[in-house]
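The structure comes before the text.

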Amino acid sequence: MEITTPISGVKGVGAKTEQLFQKTGVYTIGDILLRFPREYTKFPIPVEISEAAVGRKQAVIVRVDAPVIVKRTRSMQIAILTAAHQNQKMECLWFRMPYVRNTLVRGQTFILYGTVQDKSGLLSMEQPVIYTQEQYQAVADSLQPVYGLTTGLTNNLYKKTLRQVLDAGILLPDYLPAETKKTLGLAEYNYAVSQIHFPKDFEALTQARRRLVFDEFFLFLLYMHLQKEQGQKLKNIYQFQDNDLISPLLEKLPYTLTNAQLRVLEDIQKDLHGPYIMQRLIQGDVGSGKTIVAFLAMYLASANGYQSAIMAPTEVLAAQHYETFEQYIELFGIKTHLVLLTGAMTAKQKRRAYERMQLFPDAMIVGTHALFQEKAVYDNLALVITDEQHRFGVRQRETFSLKGESPHILVMSATPIPRTLAIILYGDLDISVIDEVPARRLPIKNCVVGSGWRPNAYEFIRKEIEAGHQAYVICPLVEASEYAEGENVIDYSEKLKQALAGDIEVAFLHGKMRADMKNKVMEAFAANEIQALVSTTVVEVGVNVPNATVMMIEDAQRFGLAQLHQLRGRVGRGEAQSYCIMINTSDAKGAGKRLDVLNQTNDGFQIASEDLKLRGPGDFFGIRQSGDMEFQLADIYQDAKALQQAQDEVKRILSIDRELALPEHEGILRKAEEYFERQMERLNL
């Protein structure tokens with residue numbers, strides 16, 4: 001086997017299994033090696049039935065004193081084992097698995113791993129994993145990887161396939177110079193890849209992750225530096241008049257812009273009139289009013305006879321921007337042409353949009369990634385705006401900008417990143433910050449509570465909905481997992497339906513759904529056809545729903561503070577009082593301390609700074625903490641030190657070998673080319 005060998009080259013991977021792997025992005029041996037675990041689990045110490053804790057994943061010692069009974073229903077067979085210890089009984093059920101009666105031999109002792117439930121005083125486990133005592137001991141001492149999967153592909157099959165690939169001894173080239181690895185104390189590449197999948201202990205996992213995180217930052221920053229060199233100081237070829245076009249519009253607004261918004265508008269106008277092309281990042285906290293700033297910037301282009309375009313990360317948000325811009329055009333009484341272009345539009349609608357883009361040289365164009373597809377041809381594009389930059393890659397931004405003749409670039413992000421990190425991550429951009437929230441918006445009221453407060457939360461949500469409002473509930477998992485603890489979207493939505501009852505419409509949303517289904521759900525929520533939306537963090541960047549007043553986050557301790565703040569920003573967008581309820585299901589003192597930061601402030605930049613201070617080097621057993629950029633492992637807060645090291649190393653290497661032509665840097669050049677090509681393939685460019 002080689003790196004380029006199709007995954008079907010692994011023993012046991014047939015045509016159907018190959019298709020399942022391909023759904024997760026694994027086509028070759030190299031793909032599976034470089035697709036890292038989502039998280040890790042360490043199995044708990046086994047307990048007796050009488051010691052089992054309800055509601056938790058447990059490893060329970062079960063002595064089989066009675067045979068397994070198999071009951072048949074219309075739709076399935078159910079295997080049932082009843083066991084006991086010190087007068088405490090527990091019923092274990094397996095659905096569509098009648099063969100377990102041959103595994104659970106009477107007179108033997110097993111370890112059953114699963115969630116313990118209380119059903120009318122009787123302990124119960126459904127679909128627990130069965131281990132012999134020897135088997136459990138073997139896995140209990142190791143860290144078990146958990147991968148992002150698709151329906152039909154199990155974690156055990158994924159691990160088995162990976163084991164075969166690693167055992168084949170395939171070596172990946174280590175591109176980093178020996179000097180870099182020695183100076184920074186970085187592990188060898190193949191050791192890191194092996195240990196990130198199957199770590200022998202926590203120390204090995206830490207070393208592996210540190211090396212791979214460095215690689216992610218290093219390649220990203222190398223690309224940033226090379227792009228910055230190519231795009232430095234481009235001459236401004238556009239003629240913007242010095243007339244005061246903005247002030248008359250501001251007088252018609254029903255509110256006053258904040259000083260921060262006015263400062264950013266001034267920065268933009270200076271850039272548009274300056275000798276060089278604008279390349280600026282606007283960092284604005286959730287709800288700080290970036291959309292009106294974007295509109296006014298696009299109006300400046302239109303009023304001067306140029307086209308402008310804004311690219312949103314989702315179809316729904318693009319449509320919402322379009323509707324908002326229509327309202328602004330009517331409010332201000334201005335004459336300009338507005339065009340919408342998204343991937344979900346029909347062929348006829350797209351053709352009409354393309355025609356309007358060619359027909360009107362002063363058009364304001366709103367859309368999604370469809371804006372930089374081949375058929376989208378512009379006629380006079382002078383300003384490009386990307387909304388939520390961390391959802392788009394550098395390559396996407398660059399490709400979008402190539403649609404015009406070196407247009408001005410404006411990037412907007414609601415991710416609160418401390419300035420020191422922002423300078424590194426957005427090294428090719430000037431930075432402006434909107435650090436004030438409009439006075440008309442009421443501060444969100446926060447509370448951090450334990451799981452015992454859930455019934456109160458449900459009642460509170462019900463009352464808010466009865467008052468005409470809506471609510472979000474965030475869960476860390478898409479569906480129940482054999483390995484990961486935490487609430488999941490699919491089961492929770494059913495639980496919430498029962499808790500809220502009545503005619504309240506509850507729906508769920510997660511990243512594994514088809515794009516058209518996600519859009520349909522979000523549109524229904526925006527129209528108040530859905531009152532309670534149970535979702536993963538996919539709503540972190542989503543539609544603006546001013547009517548939503550409650551954000552409830554389950555297992556809140558599993559998320560980073562900056563991400564929690566982003567989620568909280570989905571509410572508090574209207575005039576009504578909004579609330580954020582964070583459910584802390586952890587007993588750890590550190591979890592409570594971190595969540596208290598959110599309880600005390602709504603300032604995203606202060607939260608980001610505290611997040612940076614509170615992250616621990618071993619805090620990576622749960623879900624990804626920040627979704628910024630396109631890193632698989634790296635987290636800009638937790639790994640801030642590695643980010644700085646990667647920045648320093650990129651600068652050092654380029655300072656002595658800008659063309660990467662020296663023999664010791666040939667590996668870096670090849671890896672960088674692979675990285676750029678992979679980004680282009682992933683984005684279908």
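In strand β21 (residues 532-535), Ala 532 and Val 534 point one way, Leu 533 and Ser 535 point the other way, and all are buried. Buried means under 20% relative accessible area, exposed over 50% and partly exposed in between, with a 1.4 Å probe and protein chains only. Strands (E, at least two residues) and helices (H or I, at least four) are DSSP runs numbered from the N terminus. In a regular strand the side chains alternate between the two faces of the sheet.

This is a predicted model, in which local features need pLDDT of at least 70 and side-chain atom pairs count only at pLDDT 80 or more, while totals for chains, interfaces and linings use all residues. Residues are numbered from 1 along each chain as its sequence is written, and side-chain values use heavy atoms, with hydrogens and water left out.

| Strand | Sense and bridges with β21 |
|---|---|
| β19 (residues 470-474) | parallel, four bridges |
| β20 (residues 506-509) | parallel, four bridges |

Tyr 472 has Leu 533 of β21 as its bridge partner, and Phe 508 stands opposite Val 534 in β21.

A nonpolar core is a set of buried Ala, Val, Leu, Ile, Met, Phe, Trp, Tyr and Cys residues joined through side-chain atoms within 4.5 Å. The largest has 90 residues, of which Phe 217, Phe 218 and Leu 222 touch the most other members. Helix α8 (residues 202-231) gives this core its largest share, 14 residues. Beyond its neighbours within four places in sequence, Phe 217 is in contact (heavy atoms within 4.5 Å) with residues including Phe 631, Ile 636 and Leu 643. A second, separate core of 40 residues includes Leu 253, Ile 277, Ile 334 and Leu 383.

In helix α13, Ala 353, Tyr 354, Arg 356 and Met 357 are buried. They cover an arc (taken from the directions from the helix axis to the C-beta atoms) of only 165 degrees, which puts them on the same side of α13. On the other side, Ala 347, Lys 348 and Leu 359 are exposed. The cover over the buried residues of α13 includes β12 (307-311), β13 (338-341) and β14 (364-367).

The whole structure holds zero disulfides, a disulfide being a pair of cysteine sulfur atoms within 2.5 Å. The sulfur of Cys 447 lies 7.6 Å from the closest cysteine sulfur, in Cys 580, too far for a bond. Cys 447 is partly exposed, at 23% relative accessibility.

Terms used:
Two strands pair if DSSP finds at least two bridges between them.
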